[in-house]
Amino acid sequence: MTETNLSEFKMFEKAPYEEPDPRILTELIINGIRGEEKIYGPVFTARVIKHALNFMTQKGEKAPEDIKTLEQLKEYLFSKSDKYPPHGVAMYAQVKAENAFQGQTGAGTRVEMMSMTKRAMEISGTKVERNLDMDAIMLRVRQAGVAMKSIASEMGYRKNEDGSVDLIYLMCPFLDVCQLVFNEGLLKRPDGRTRCGVLGEFGCQLLKLYTSYEWDYERLEAYKPHCIVKLYMI
């Protein structure tokens, strides 16, 4: 396998923070889970809460028995953020629950990502303009993400001749937990490809908002520690 030439990517200036805001990331995931609850019902949320509390128990925490809502779960995870990043726990629990209900990530994930994307746009105050100027789109996505502290501090992109674009995170905020769920075999997409929730699914939904076209993705590299995903119109 050839080494990735990072100089081929147009890198944005480093964000004025080291790590994204864990509260914002957690809120986005929780909002996405609420979207999936509309498909599967309250039992889905109950399963998410169960998986999250089990995860914390494995980290040596005594899981409380009175957490029944996502809002309660969110506040509990925030209170234990010194033990494990709350957005990491939320992502792990969401992926575990999805696999239990879907067998593998699929339609529910798309709805979840649409809910997350809508909330992200609301938080950032971004107005969508439909065009195919990828340089302008990438700049606005970056600016919105930095403004709400939800995006990796170092990222970039590479435009391909076929119209696709490769996104790169030098260090994804979900790196550790993503590798964990990958090792547990929980990141398989319906067609056998590997899921990427941040650069892949979330990225596709953002590009759909900006271009009006549907997008799909391929995960090219991960855990190096950089991650690269190719996004293309379908």
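Mentor: Start with contacts, meaning heavy atoms within 4.5 Å. In this protein, residues 24 or more positions apart account for 69% of the contacts with a separation of 6 or more.

Trainee: What kind of model is this, and how are its residues numbered?

Mentor: It is a predicted model, numbered from 1 along each chain as its sequence is written. Local features need pLDDT of at least 70 and side-chain atom pairs 80 or more, totals for chains, interfaces and linings use all residues, and side-chain values use heavy atoms, without hydrogens and water.

Trainee: How many helices and strands are there?

Mentor: The protein has 8 helices and 5 strands. Both are DSSP runs numbered from the N terminus: helices are H or I with at least four residues, strands are E with at least two. Along the sequence the pattern reads β-α-α-α-α-α-α-β-β-α-α-β-β.

Trainee: What makes Ala147 buried or exposed?

Mentor: Its relative accessibility is 62%. Exposed means over 50%, buried under 20%, and partly exposed in between (1.4 Å probe, protein chains only). So Ala147 counts as exposed. Ala147 lies in helix H6, residues 134-147. Its C-alpha is 9.8 Å from that of Pro16, 131 residues apart along the chain.

Trainee: Which residues of H7 are buried?

Mentor: They are Leu175, Val177, Cys178 and Val181. Just after H7, Gly185 takes a positive phi of about 75°. Over the whole protein, 50% of the 234 residues count as buried.

Trainee: What makes a set of residues a nonpolar core?

Mentor: The members are buried Ala, Val, Leu, Ile, Met, Phe, Trp, Tyr and Cys, joined through side-chain atoms within 4.5 Å. The largest such core here has 65 residues. Val48, Leu73 and Met91 are among those with the most contacts inside it. Val48 touches Ile33, Leu70, Leu73, Ala93, Gln94 and Ala97, leaving out residues up to four places away in sequence.

Trainee: How do you know what is a cavity and what is a pocket?

Mentor: Both are sets of points on a 1 Å grid over the protein atoms alone. In a cavity, a 1.4 Å probe fits but cannot get out; a pocket is open, with protein on both sides within 12 Å along at least five of seven lines. Lining residues have an atom within 4 Å of a point.

Trainee: How much space lies in the largest pocket?

Mentor: About 270 Å³. It has 16 lining residues, and Glu19, Pro85, His87, Pro173 and Asp176 are the closest to its centre. H4 and H7 each give two or more residues to that lining.

Trainee: How many cavities are there?

Mentor: The search finds 3 of 30 Å³ or more.

Terms used. Grid points are joined across faces, edges and corners, and a volume is the space filled by probe spheres set on the points.
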